[in-house]
Amino acid sequence: MTIKITSDSTCDLSQELLEMFDIEMIPLYIMKNGKAYRDGVDITPADIFSYAENTGDFCTTSAVNTFDYIRFFERFSTHHDAIIHISLGSGFSVCHVNAIAAAKVFNNVYIVDSKNLSSGQGHITVEAAKMAQAGVDAETIIRKIPDVIGRVETSFLIDRLDYIFKGGRCSLATALGANILHLRTCVEVSGGIMQVTKKYRGAFENCVETYVRDKLEGREDLVLERIFITHPAAPPRAVETARKAIVRYARFNEIIETKAGCTISCHCGPRTLGILFIRK
């Protein structure tokens, strides 16, 4: 049985990982100055940040529509016994609902709500692809993947909140309070939604060190196969700080740096960094 694993561009997997696990992505839309661009195809995070800095305006995001999903699934439906699409979490976008509507056109397309985003969604997509490559049938993958979804830990440390405020993800009071006090905000995916969980004071690199320690120190419930360091354009020193801190607190087989795509960048801004992993 041949199974194709697909996902939305929000899964933030590198081209190398996409090719390794034979995963295909469909891009969300980025709205800039009233015009739609495809995430990672027509626009990059650098374009988004440059536009914000030069104009003071912010880009927004738009979901994949049902027609686009139908055209996307058509590319694979006749060549594979099944397509399993790992969608952006339904708590963040109508992508999941639109994908379900598109799947009704086919008899071999299955939609899974990742309840996640960025490389948290990426972890889930990779685990589904690994099962497909191992010859696991579609019904079993669909039955097993919710267990993985429930064990993914996704969080980010955000340096500035104007992007996330403009994207409608935090209140004005929270944004102003954090900016005035020079706080770095930690946001986590919990129950399929994004929540502010902690705030750190000090230089961004120092906050990164403390953030990683808070997430990993003393943990005995970690799946040590891989951890993602995901960011759109974090300073190299911050990324290296995260990498060294991960090594200090846990023995992951792979520490994989991935770049956040345009959708995540629209909401979080350039100086954002997260560590994303799976627990037992």
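1. Strand 3 (residues 29-32) pairs with strand 5 in the antiparallel sense, over three bridges. Pairing here requires at least two DSSP bridges between the strands. Strands are DSSP E runs of at least two residues and helices are H or I runs of at least four, numbered from the N terminus. Met31 stands opposite Thr60 in strand 5.

2. A note on the source. This is a predicted model, in which local features need pLDDT of at least 70 and side-chain atom pairs count only at pLDDT 80 or more, while totals for chains, interfaces and linings use all residues. Residues are numbered from 1 along each chain as its sequence is written, and side-chain values use heavy atoms, with hydrogens and water left out.

3. The open sheet has three strands in the order 4-3-5, with antiparallel pairing. Strand 4 (35-38) and strand 5 (60-62) are at the edges with a single partner strand each, so one side of each lacks a neighbour in the sheet.

4. Helix 4 (residues 95-103) has buried residues Cys95, His96, Asn98, Ala99, Ala102 and Ala103. Buried means under 20% relative accessible area, with a 1.4 Å probe and protein chains only. These residues cover an arc of only 165° around the axis, which puts them on the same side of helix 4. The arc is taken from the directions from the helix axis to the C-beta atoms. They pack against strand 1 (3-8), helix 3 (66-77), strand 6 (82-87) and strand 7 (109-113), where contact means heavy atoms within 4.5 Å.

5. Ser265 lies in helix 11 (residues 262-268). At 0% relative accessibility, Ser265 counts as buried. A polar atom of its side chain is 2.7 Å from the backbone oxygen of Gly261.

Notes:
Buried means under 20% relative accessible area, exposed over 50%, partly exposed in between (1.4 Å probe, protein chains only). A polar contact is a pair of N or O atoms within 3.5 Å; within protein, one must be able to donate a hydrogen and the other to accept it, and residues adjacent in sequence count only if both atoms are side-chain atoms.
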